[in-house]
Structure formats: structure tokens, C-alpha cells
Amino acid sequence: MPLLMRADASPVRRFSSWMIVVWIVMLFAALGAVQYLKHADYPYLLASMAVIAVCAGCILQLRWARPTMRVVAWLLALWVLVTTVLMLHQWGDFEVARQHAQSQPQLRELALWLVDRAQRTWEVGLALKIVAIPVLLWLGWKSGQSSVRAKFPPARN
């Protein structure tokens, strides 16, 4: 017996790699929002909430969300590029901190451990930023493709 389907049932969603990236962007924005709220950084909190709203609009396939996501992805890619360059300017700071730690015999072990931990955190952040730049550029490009446009309702005239 064939399965009966309601006439008003929505079509099955197919796997979309760009949608996975949207989810990841939303998760990182939510993580950022928690951090910005914790540190009372309200301009960044508002920006992360806006990114979350745009990502949710894309996930729900709202008409306005796709072109907005293109702009958000490109702006985020630019922002990540700028902050990556700023991070790279701190490259030698860890060696200076190590030298200062060596000059403090009573705190040497703890200070060296803290410098190493800070450097590992910095390296992970830098690696994530380096990966994020092409991914965000790809998302901005992909969200303008006809295959993605077709998934969103057409504009009303």
C-alpha cells in the first residue's frame, strides 16, 4: 500500500553543505554572544544577536535572509581577516613574556606554564580564523547561487 501524503506537507529538505556552514556560524555567534554578555560588551552582543537572527532566517528559509546572509558572510570574512592580521602583529609577544617569566625565579614555572597556555590558545584562535576566511567567502558566494536561491520563496511583486 503506497504511503499517503498530505497535500499541504512541505517537501523533504535535501542535504546542503552551505546550510551546515550557516549552522556553524550561528553556533559561533551564540558562543560570542554569551562571552560578550559576560563581559558587558554590548555593541558586539548586538552584532552577534543580529548574526544569529540572520542565520535563523536562513535555516527557516525566509525570503529576506539569503541576501542578508551574503552580506553578513562577506562582512564577517573581512572582520576575521582584519583581526587575523592584528593577531599576527602579536607574534613575538610570547617570547618577550617567556623572557620576563625566566627573570622571576619565584614564579618561573607557573609563569612559563601560563605563557605556554596563552600561546596555545592564541594559536588555536589563529588557526580557526585562517580556516574561517575562505569558508565565509564561500558562504557569501554560495548563497548567491541559483541552487540556493531556488530554496527560498520568490519575492512578491
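**View 1. Cys 58 and its closest cysteine sulfur.** The sulfur of Cys 58 lies 6.7 Å from the closest cysteine sulfur, in Cys 55, which is too far for a bond. A disulfide is a pair of cysteine sulfur atoms within 2.5 Å. Cys 58 is buried, at 1% relative accessibility. Buried means under 20% relative accessible area, exposed over 50%, and partly exposed in between, with a 1.4 Å probe and protein chains only. This is a predicted model: local features need pLDDT of at least 70, side-chain atom pairs count only at pLDDT 80 or more, and totals for chains, interfaces and linings use all residues. Residues are numbered from 1 along each chain as its sequence is written, and side-chain values use heavy atoms, leaving out hydrogens and water.

View 2. Cys 55 is buried, at 0% relative accessibility. A disulfide is a covalent bond between the sulfur atoms of two cysteines. By the distance rule, the count is zero disulfides.

**View 3. Ala 40 in a loop.** Ala 40 sits in the loop between helix 1 (17-38) and helix 2 (42-59). Helices are DSSP runs (H or I, at least four residues), as are strands (E, at least two), numbered from the N terminus. The phi of Ala 40 is near 55°, a positive value in a residue other than glycine. Ala 40 is partly exposed, with 43% relative accessibility.

**View 4. Gln 61 in a loop.** Gln 61 is placed in the loop between helix 2 and helix 3 (65-88). Its phi is positive, near 55°, and Gln 61 is a residue other than glycine.
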